[in-house]
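Please open the model in your viewer and keep the selection panel at hand. The stops below can be taken in order.

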Amino acid sequence: MAIYPPSVPASSTTGFIVDALTKAIVEHRLHPGTKLAEQKVADHFGVSRTLVRQALFQLSQNRLIRMEPARGAFVATPSVTEAKQVFAVRRMLEAEMTRAFIKGVTPAMIKSLKQHVAMEKSAVVREDVSGRTELLGDFHVRMAELMGNDVLAHMLGDLISRCSLIALMYQSAAAAEHSNEEHGAIVQALAAKDEALALKLMDEHLQHVEANLTFDRKRPTNDISMALS
């Protein structure tokens with residue numbers, strides 16, 4: 001059991017619990033649908049249920065867990081069917097975004113995307129699973145933001161967040177590295193204003209991301225203490 005002295009700020013303790021649970025989920029040690037009983041989590045960390053409740057709320061905001069009235073918190077259960085539908089919509093939406101991006105592309109926009117791709121690569125090298133997943137998804141939102149289209153950025157953000165847990169849980173490090181390389185190639189095509197190539201690369205990229213999600217991993221444990229140990 002991890003015991004925290006009174007001198008440790010509550011916010012720091014809550015953050016530690018969030019990080020520990022996130023790590024257990026994305027490293028496949030907690031199975032989708034696992035009930036996260038507040039008292040069990042509190043006992044494991046040696047903290048109050050209030051701090052655990054705050055941590056669970058933060059995780060629900062990130063869609064890693066779902067909160068059910070009168071039932072409690074559960075590790076989110078991503079739907080494979082939903083993910084496939086999301087990717088289908090994204091391919092249609094992002095094809096038009098790519099065309100529009102090329103029409104208004106500037107050196108500053110390309111520079112910003114290259115900086116983003118460099119941050120992705122750094123996260124992949126550091127084996128920062130949650131960080132790389134967020135950055136790889138944000139690449140697409142960043143394109144919309146650079147175009148000044150807040151509505152598109154919001155729509156893409158929502159679509160990407162709906163499949164982010166699936167990527168977190170089922171995307172391998174090799175697949176993540178490949179996604180980063182594909183982003184780099186897309187940026188090069190955008191910089192060259194090669195619409196045909198950029199469209200081809202974007203469509204292939206999204207198809208590769210979907211195809212590389214592995215849904216037959218070894219079944220994780222439902223035992224909270226074992227998963228967090």
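The tour goes from the whole chain to single elements.

This is a predicted model, in which local features need pLDDT of at least 70 and side-chain atom pairs count only at pLDDT 80 or more, while totals for chains, interfaces and linings use all residues. Residues are numbered from 1 along each chain as its sequence is written, and side-chain values use heavy atoms, with hydrogens and water left out.

**Whole protein**

Select everything and colour by secondary structure. The protein has ten helices and two strands; helices (H or I, at least four residues) and strands (E, at least two) are DSSP runs, numbered from the N terminus. Read from the N terminus, the order is α-α-α-β-β-α-α-α-α-α-α-α.

Of the 229 residues, 45% are buried. Buried means under 20% relative accessible area, exposed over 50%, and partly exposed in between (1.4 Å probe, protein chains only). The accessible surface is about 11,700 Å², and carbon and sulfur atoms contribute 55% of that surface. These areas come from the Shrake-Rupley method with a 1.4 Å probe; for residues, only the protein chains shown count as cover.

Among contacts with a separation of 6 or more, 76% are between residues 24 or more positions apart. A contact means heavy atoms within 4.5 Å.

**Phe16 and Phe45**

Select these two side chains next. The structure holds one aromatic pair. Phe16 and Phe45 form this pair edge-to-face, with 6.2 Å from centre to centre and 85° between the planes. The pair links distant parts of the chain, as Phe16 lies in helix α1 (residues 10-26) and Phe45 in helix α2 (residues 38-45), 29 residues apart. Rings of Phe, Tyr and Trp (its six-membered ring) pair if their centres lie within 6.5 Å; planes under 30 degrees apart count as stacked, over 60 as edge-to-face and the rest as tilted.

Select residues 49-61 for helix α3, which has 13 residues and reaches 18 Å from its first C-alpha to its last, close to the 18 Å expected at 1.5 Å a residue. The expected span is 1.5 Å times one less than the number of residues. Its buried residues are Leu51, Val52, Ala55, Leu56, Leu59 and Ser60. Just after α3, Arg63 takes a positive phi of about 65°.

Move on to strands β1 (residues 65-68) and β2 (residues 72-75), which pair in the antiparallel sense over four bridges. Two strands pair if DSSP finds at least two bridges between them. Glu68 stands opposite Gly72 in β2. Three residues lie between the strands of this hairpin, where Ala70 has a positive phi near 70°.

**Helix α5**

Select residues 107-125. The 19 residues of α5 should span 27 Å at 1.5 Å a residue, and the end C-alpha atoms are 27 Å apart, which agrees. Which residues of α5 are buried? They are Met109, Ile110, Ser112, Leu113, His116, Val117, Glu120, Ala123 and Val124. These cover an arc of only 160° around the axis, so they are on the same side of α5; the arc is that of the directions from the helix axis to the C-beta atoms.

Show α4 (80-104), α6 (129-146) and α8 (173-191) as well: the buried residues of α5 pack against them. On the other side of α5, Pro107, Ala108, Lys111 and Val125 are exposed.

Pro107 has 72% relative accessibility and therefore counts as exposed. Its C-alpha is separated by 7.6 Å from that of Ala191, 84 residues apart along the chain.
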